[in-house]
Amino acid sequence: MTTAPTTAPSALQADPDWWRQAAVYQIYPRSFADGNGDGIGDLRGIISRVPYLRSLGIDAVWLSPFYPSALADGGYDVDDYRDVDPRIGTLEEFDEMVAALHAAGIRLIVDVVPNHSSDRHEWFQEALASPKGSDARARYIFRDGRGENGQEPPADWTSIFSGPAWTQVPDGQWYLHSFATEQPDFNWKHPEVREDFLRTVAFWSDRGVDGFRIDVAHGLAKDLPEELPSAAELSAMPKDGTHPLWDRDDVHEIYAEWRELFDRYDPPRIAVAEAWVDSPERRARYASPEGLGQAFNFDLMEADFDAAHFREIVTDNLAQSALTGSSTTWVFSNHDGVRHATRYGLPPRAGRPVKQGAEWVLAGGPESGIDRELGLRRARAATLFELALPGSAYLYQGEELGLHEVAEIPDAQRQDPAFWRTTTEDRGFDGLGRDGCRVPLPWTRTGPSFGFGAAGAHLPQPAWFAEVSVEAEDGAAGSTLEMYRAALRLRAELQGEEVLEWDEQISTGDTLGFVRPDGWVSVTNFGLAATALPEGEVLLSSSPLETTADGDAVLPGSTTVWLRRSV
Ligand code: NOJ
């Protein structure tokens with residue numbers, strides 16, 4: 001594989017602010033590259049693709065869980081927080097990967113999953129083997145059941161993946177799991193839980209990790225009353241810091257301790273919270289400098305492709321992050337959502353579950369209802385919009401190839417617990433579960449698993465992967481891969497002060513334009529019809545610009561252009 005020329009990354013410097021406007025590339029390790037040919041992506045695979053990562057021009061990698069796990073939830077069910085799953089590699093290979101990434105000028109953020117462990121974690125096993133009321137049980141959340149013999153769950157709560165949130169153990173007690181049965185929630189009031197996670201973040205920080213992505217950051221602190229509320233009562237309670245389960249004010253005491261530890265490193269370790277909270281104001285608490293420092297904002301991921309909505313989201317989030325002195329984050333795709341090329345090819349608010357006969361499909365049918373071309377065109381425009389914004393951009397593996405969601409996975413091969421825990425209409429995660437964005441990446445046009453690895457892929461890859469493989473797009477003029485490379489290269493050059501000014505002249509109707517320092521302008525046409533091309537030197541566009549019969553250059557529909565104006 002040839003790689004596009006790229007500016008050599010300067011050696012990593014001890015810049016404490018490196019994260020503020022970083023382009024971070026998420027690797028879902030089991031589906032990235034399989035180095036040892038066992039059908040599962042691994043650290044060897046990542047090491048072998050460092051030249052590719054470097055050619056993209058990203059600043060950092062965020063590595064989803066790579067810890068020992070039974071994969072009941074794709075690795076978010078952790079057996080041991082301070083080791084590597086033997087199918088993925090070894091600690092020595094982890095060190096080698098850190099060194100290879102750093103040598104390429106790329107930092108590393110790893111996922112920490114502190115809300116729950118797996119049911120195979122030694123502490124949970126110890127809890128099961130210990131009696132009711134024991135200290136081992138107190139590290140998790142155990143309760144007696146209701147009913148005469150305690151045969152009913154302590155409360156009628158539903159897990160986030162649907163199905164009951166309480167599961168009974170052989171001696172009759174029940175434990176809480178906000179997600180799958182195999183993911184028991186920790187009791188963060190237990191001092192050993194707090195100490196152990198401090199050990200974990202120190203362990204990886206000592207190994208050279210630059211930062212952490214904190215899973216379910218809003219869930220750790222819990223305060224369950226003796227008399228548990230019903231599910232209906234629970235969901236009626238405000239999430240204003242006093243809710244028994246979510247976004248409690250006291251969760252920040254935990255992060256204050258973590259911050260103290262992060263700040264002992266040079267440069268300080270960074271953290272980004274995955275916090276699903278009720279308002280940008282509450283999200284800002286996670287992003288405070290005394291806490292985790294940054295928090296995901298998923299607003300663009302949840303929005304339709306719409307100029308007014310995008311503008312509102314950007315304005316709100318920049319204002320919120322300014323309040324805490326943090327920088328905001330932008331995300332269009334990740335391992336939990338339908339890929340943005342597909343979302344934008346569906347009717348507004350679609351991409352959500354619909355049932356056709358006995359089958360769940362993406363709205364409109366797995367393929368027929370999707371305008372794949374329009375979806376990709378809009379996704380590319382959205383990405384250039386994103387990469388011109390101040391703040392950090394989180395990119396998900398495969399979006400640089402313009403991958404669509406893989407809808408056509410036979411039910412029997414699906415892995416996501418969100419798919420399996422229910423077959424009813426309340427099925428979460430867009431009705432199809434999250435496997436469609438986790439299919440192993442296509443590296444080559446042909447060959448076993450399109451170059452993912454010698455032993456095939458653990459989720460079936462469709463035939464159309466050939467033409468969106470790295471091999472097909474590498475060096476190909478106009479390919480999505482080359483657009484990402486060009487955009488990231490330019491962004492690194494142009495990204496200045498963290499400010500943005502809307503260009504009111506341009507920003508009317510379906511068109512949205514903003515100016516960054518030094519005359520860098522980004523203009524997006526969210527509509528379908530072409531519009532006038534604003535003045536300036538064209539740097540890059542997400543689709544080819546067009547010329548009218550009169551010879552005037554125009555900005556076609558669903559396109560973003562970057563311009564430079566003299567200042
Ligand atoms: C959020 C993660 O992104 C998701 O993949 C996981 O299933 C849940 N947290 C539970 O850990």
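**Notebook entries**

I note first that this is a predicted model.

**Entry: the ligand**

I started with the surroundings of the ligand. How many residues surround the ligand? I found 13, and the closest are Asp73, Asp215, His335, Asp336 and Arg434. I then sorted this shell by class. It has seven charged residues, four nonpolar ones and two polar ones.

For His116, an N or O atom of the side chain is 3.0 Å from a ligand oxygen atom. Arg213 places a polar side-chain atom 3.0 Å from an oxygen atom of the ligand. For Arg434, I also read 3.0 Å between a polar side-chain atom and a ligand oxygen atom. I then checked the ligand's surface. Taken alone, the ligand exposes 290 Å². The protein buries 97% of that.

**Entry: two helices**

I moved on to helix α6, residues 191-206, and helix α8, residues 251-262. At what angle do α6 and α8 pack? I got about 35°, with the axes 10 Å apart. Is the crossing right-handed or left-handed? α6 passes α8 in a right-handed crossing.

I listed the residues that meet. From α6 they are Arg194, Phe197, Leu198, Val201 and Ala202. From α8 they are Glu253, Ile254, Glu257, Trp258, Leu261 and Phe262. I sorted this contact by class too. Eight of its residues are nonpolar, three are charged and none is polar.

**Entry: backbone details**

I kept a general rule in mind. Most peptide bonds are trans, and most residues other than glycine have a negative phi.

Which kind of peptide bond joins Asp266 and Pro267? I found a cis bond, with omega about -5°. Pro267 sits in the loop between α8 and β8 (270-273).

Then I turned to Leu71. Its phi is positive, near 60°, and Leu71 is not a glycine. I located Leu71 in the loop between β2 (60-63) and α3 (91-103).

Conventions. Residues numbered from 1 in each chain as written. Predicted model: local features only at pLDDT ≥ 70, side-chain atom pairs only at ≥ 80, totals over all residues. Heavy atoms only, no water. Near = heavy atom within 4 Å. Polar contact = N/O pair within 3.5 Å; in protein donor to acceptor, adjacent residues only side chain to side chain. Areas by Shrake-Rupley, 256 points an atom, 1.4 Å probe, with all protein chains shown as cover. Nonpolar A, V, L, I, M, F, W, Y, C, P; charged D, E, K, R; others polar. Axes fitted to C-alpha atoms, helices over the stretch in contact; angles between N-to-C directions. Helix = DSSP H or I, 4+ residues; strand = E, 2+ residues; numbered from the N terminus. Left-handed = near helix turned anticlockwise from the far one by under 90°. Contact = heavy atoms within 4.5 Å.
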